[in-house]
Structure formats: structure tokens, C-alpha cells
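This briefing is meant for a reader meeting the structure for the first time. Please keep the sequence and the 3D view at hand while going through the points that follow.

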Amino acid sequence: MALRCFIAIEIPEAIKKAIVSSIDSLKKSGADVKWVSPENIHITLQFLGETEEAQIPLIKDALGKILLPYSQFYIKIAGIGCFPDTRRPRVIWVGTEESQPVINIHGDIAKGMERLGYKEEERNFTPHLTIGRVKSNRNTRELSRKMDEIKAASFSGFEVQNITLMKSELKPSGPIYYSLAEIPFGGSNNGN
């Protein structure tokens, strides 16, 4: 059976709660946006897509080897913006600062997953947390104005100690994410 998988950095609950208050502010724009459920907010390192269950142990093993040279690091969650730009917002995101380790890890994961047959995304990787997807042009000007008001929002930071192999189950109410494995840095074992 195939699972829909991705590799991510999970975000502490306190930061998710702070992000939700910004989402609430952006909702007042009346824009046609599908907002991400708070429990689903994360930093995607690589989307794997349809993955056979038999591949999961190979992915976990590869990730363990990839993360061996890394140590835990600090990352700050700050800033609100959108892709591609505020005139045509499609994806609304919260940004990261001090994220060079995330960029390095993403590059190493992309190379490692490519060896397992997963294709690397063609666009440049920018660490971010997707918080909403714009569905139509309704009230996008007001949405952009609200984003400008809070674009410098700062949500605190945290120590990243591992990455998570996740699976996504698509439900009528939206996706539900499940952790398949937490892979620690530096080869330390946390029991998963």
C-alpha cells in the first residue's frame, strides 16, 4: 500500500499558537484562503509523495545516515509573506531566520532521497511554514494590506533536535499528518 509521505521539521505548540493569532488577523481580510490547521503547521524539507510501505525502512536508514554529521541548532520563526508576491498571492507563509542549517539539511536530504528514486523539486528551497493557500482573487488586495501590517511578526525560536518522516492522509475535512519516525541529529537514538 502506498503512503503519501514528506520529511519535515515539526514546530513547538507555543509557536503554532502564536501563528494562529496572526492567521486570525489575516482572516479578517475576507480573502478566499484555505488556512492550514494549527496542528499541521511545519517546515517541509522534502515532499516524497506516493511511497510504498516497503520503502519506509530504507528512507529512515538513509535519513539517519544523512543526519549523522549534524547537531541540534536554533531557528527563529519570524515574518509573514506570500509566494509568488503580494500582487498575486498564492501561498501565505511564515518565514524563518538563522536557517542556514535547514538549507544545508534540505540539500543533503534531496541528494539522499534522489538516490532512492525521489525527484528533487526544481524551484529553489526557501525554509517556510505554509499557513494558507489562496483559492481565488476575492479580497486579495485586502489580504495583502493585512499581511503588510503584520509582516514583521516574530514568533520566537526553538532548538531543532530532529526531523520527522510524516505521512499525510487526505480527508474531506483536510489532510491529517502522522509521524512515521523522528530521526535525531548526530546519530543519537531517541527510541524511534
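Predicted model: local features only at pLDDT ≥ 70, side-chain atom pairs only at ≥ 80, totals over all residues.

In helix H4, which spans residues 140–150, the buried residues are Thr140, Leu143, Ser144, Lys146, Met147 and Ile150. Because these residues cover an arc of only 160° around the axis, they lie on the same side of H4.

- Serine 25, which lies in helix H1, touches Lys146 and Ile150 when residues up to four places away in sequence are not counted.
- Serine 25 itself counts as buried, because its relative accessibility is 19% and the cut-off for buried is under 20%.

**The largest nonpolar core**

- The largest nonpolar core holds 51 residues, and within this core Ile19, Ile77, Ile92, Met113 and Ile163 touch the most other members.
- Helix H2 gives the most to this core, with 6 residues.
- In soluble globular proteins, nonpolar side chains tend to be buried together.
- Isoleucine 163, leaving aside its neighbours within four places in sequence, is in contact with a list of residues that includes Ile7, Ala8, Ile9, Leu45, Leu63, Leu67 and Ile109.
- The contacts of isoleucine 163 also include Ala181, Glu182, Ile183 and Phe185.

**Alanine 2**

- Alanine 2 is found in strand E1, which runs over residues 2–10, and it is partly exposed, with a relative accessible area of 32%.
- Once its neighbours within four places in sequence are left aside, alanine 2 is in contact with Glu50, Thr51 and Glu52.
- Between alanine 2 and isoleucine 163 there are 161 residues of separation in sequence, while the distance in space is 21 Å from C-alpha to C-alpha.

**Salt bridges**

- The count of salt bridges in the model comes to 10, and the pairs described below are among them.
- Lysine 65 and aspartate 61 meet through their side chains in a salt bridge, with a distance of 3.0 Å from N to O.
- Both lysine 65 and aspartate 61 lie in helix H2 (residues 56–67), where they are 4 residues apart, about one turn of the helix.
- Lysine 65 is exposed, since its relative accessible area is 54% and exposed means over 50%, whereas aspartate 61 counts as partly exposed at 45% relative accessibility.
- Aspartate 85 forms a salt bridge with arginine 87, and the closest N and O atoms of this pair are 3.9 Å apart.
- Aspartate 85 is buried, with a relative accessible area of 18%, whereas arginine 87 is exposed, with a relative accessible area of 69%.
- Asp85 and Arg87 also belong to a network of salt bridges that links them with Arg88.
- The side chains of lysine 167 and glutamate 169 meet in a salt bridge as well, with an N to O distance of 3.1 Å.
- Lysine 167 counts as buried at 18% relative accessibility, while glutamate 169 is partly exposed, with a relative accessible area of 27%.

**Backbone features**

- Phenylalanine 83 and proline 84 are joined by a cis peptide bond, with an omega of about -5°.
- Proline 84 lies in strand E4, which covers residues 73–85.
- Glutamate 98 has a positive phi of about 55° although it is not a glycine, and it is found in the loop between strand E5 (88–97) and helix H3 (100–115).
- Serine 156, a residue other than glycine, likewise has a positive phi, in this case near 90°.
- The place of serine 156 is in strand E7 (residues 154–160), where serine 156 counts as partly exposed at 42% relative accessibility.

Note on methods. Residues numbered from 1 in each chain as written. Heavy atoms only, no water. Helix = DSSP H or I, 4+ residues; strand = E, 2+ residues; numbered from the N terminus. Buried < 20%, exposed > 50% of the residue type's maximum accessible area, 1.4 Å probe, protein only. Contact = heavy atoms within 4.5 Å. Salt bridge = Lys/Arg side-chain N within 4 Å of Asp/Glu carboxyl O. Arc of directions from axis to C-beta. Core = buried A, V, L, I, M, F, W, Y, C linked by side-chain atoms within 4.5 Å.
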